[in-house]
Amino acid sequence: IRELYDFSPVDPAARRKLAEQLLTDGKATNDNDDDRYVMLLTAAQTAADAGDLTTAIDATASISQAYEGDVTPLKLELAEQAARNSPPADRADVSRQTLPILDEAIRRSHYEPAEQLAIDLINLVRRLDERDLTKMLVDRRRAASEWGKLYQEALTGVATLANNPDDAAANTTVGSFWAFAKGNWEKGLQHLVKGSDYPLADIAQQELDEPTDTSSRMELAEAWLTYGNRQEAPLKEPVLRRARHWFATAQPDATGLTLATIEKRLAEIDEVLGPA
């Protein structure tokens, strides 16, 4: 690749053009998997070096489609590189592009590198008049930190449950991680119902009873809403989303005052959660 392409230009515009050409040629390379991978990876790194996160992520998407493996760590590295190398005028826009990457990293349990990237970006945009962006980055940093702590506690909890499946505290920790951090309610509820958080255990039992009528679904939704309103970020969001799920499930057969209550609750929850 070094023999076929001119990597000497240091001008960002020329580097971006080179990255785009590498990406185009990499996508068109179908006769050699190794060459294709190297070209796509080089395109991503060259683009990030020029502050072009869009092309870099496009290249990682092609890598993800063609090869097995989690490319999220690569996206985090490219995002940091692109933000650091972008001109000050573009730094805020590049940082905004990293928000879905941070969310993806948190979903995939890459907590430490996600937190570090958020910290790096906060430092980069600190001198810019971008309060909303800074707040969103701070929220991601806190989410990565808090979910990372719960993840470590859950690992300890899993080890405890291997020897004592009925340990209440461990069941709460492991169940909370599965349900709230990973959205795996089937696994989470099985642990939460045996946990030491008794209000949460009661709610889990209501879930496992599989309510089918409007009244019981409303009761479950209200229980989640009450529990969620007592929580802090980042736990608050998944709990309120679960409350929203049950209000929405109860809505189709609801009438009169019950329907009006559901609509009011949904509006209140959406106001707290904001855009998904």
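**Contacts and overall layout**

I began with contacts between residues at least 6 apart in sequence: 55% of them in the chain join residues at least 24 apart. Contact here means heavy atoms within 4.5 Å. The model is predicted, so local features need pLDDT of at least 70 and side-chain atom pairs count only at pLDDT 80 or more, while totals for chains, interfaces and linings use all residues. Residues are numbered from 1 along each chain as its sequence is written, and side-chain values use heavy atoms, with hydrogens and water left out.

Next I looked up the secondary structure. I found 14 helices and zero strands. Helices are DSSP runs of H or I with at least four residues, strands are E runs of at least two, and both are numbered from the N terminus. The C-alpha trace spans about 70 × 45 × 35 Å along its principal axes.

Then burial. Of the chain's 276 residues, 44% count as buried. The cut-offs are under 20% relative accessible area for buried, over 50% for exposed, and partly exposed in between, with a 1.4 Å probe and protein chains only.

I checked the largest nonpolar core and got 74 residues. Leu137, Trp147, Phe180, Trp224 and Phe247 have the most contacts inside it. Such a core is a set of buried Ala, Val, Leu, Ile, Met, Phe, Trp, Tyr and Cys residues joined through side-chain atoms within 4.5 Å.

Leaving out residues up to four places away in sequence, Trp147 touches Ile106, Tyr111, Phe180, Ala181, Pro234, Leu235 and Pro238.

Which residues of H10 are buried? In this helix, residues 185–192, they are Trp185, Gly188, Leu189 and Leu192. They sit on the same side of H10, because their arc around the axis is only 95°. The arc is taken from the directions from the helix axis to the C-beta atoms. Their packing partners are H9, H11 (198–208), H12 (214–229) and H13.

I turned to the largest pocket, with a volume of about 1,100 Å³. Its lining has 27 residues; Asp103, Ala143, Pro234, Glu237 and Arg241 lie nearest the centre. Two or more lining residues come from each of H6 (99–107), H8 (131–163), H9 (168–181), H13 (236–250) and H14 (256–273). H8 gives the largest share, seven residues. By type I noted 15 nonpolar, two polar and 10 charged. Ala, Val, Leu, Ile, Met, Phe, Trp, Tyr, Cys and Pro count as nonpolar, Asp, Glu, Lys and Arg as charged, and the others, Gly among them, as polar.

For the method: on a 1 Å grid over the protein atoms alone, a pocket is an open set of points where a 1.4 Å probe fits, with protein on both sides within 12 Å along at least five of seven lines. Lining residues have an atom within 4 Å of a point. The volume is the space filled by probe spheres set on the points, which are joined across faces, edges and corners.

The second largest pocket holds about 230 Å³. Of its 15 lining residues, Glu146, Trp147, Leu150, Ser176 and Leu235 are closest to the centre. H8 and H9 are the elements that give two or more residues. H8 has the largest share, five. I noted eight nonpolar, two polar and five charged residues in this lining.

I looked up Ser176 on its own. It lies in H9 and is buried at 11% relative accessible area. Beyond four places in sequence, Ser176 touches Leu150, Ala181, Leu192 and Leu200.

**Backbone notes**

Most residues other than glycine have a negative phi, and most peptide bonds are trans. I listed the exceptions here.

- The bond from Ala233 to Pro234 is cis, with omega near 5°. Pro234 lies in the loop between H12 and H13.
- Ser109 has a positive phi of about 70°. Its loop joins H6 and H7 (111–125), and Ser109 is partly exposed at 22%.
- Glu210 has a positive phi near 50°. It lies in the loop between H11 and H12 and is exposed at 61%.

**Arg36**

Is Arg36 buried or exposed? Arg36, in H2 (residues 33–49), is buried at 15% relative accessible area. Apart from neighbours within four places in sequence, Arg36 contacts Gly26, Lys27, Ala28, Thr29, Asn30, Ala66 and Tyr67.
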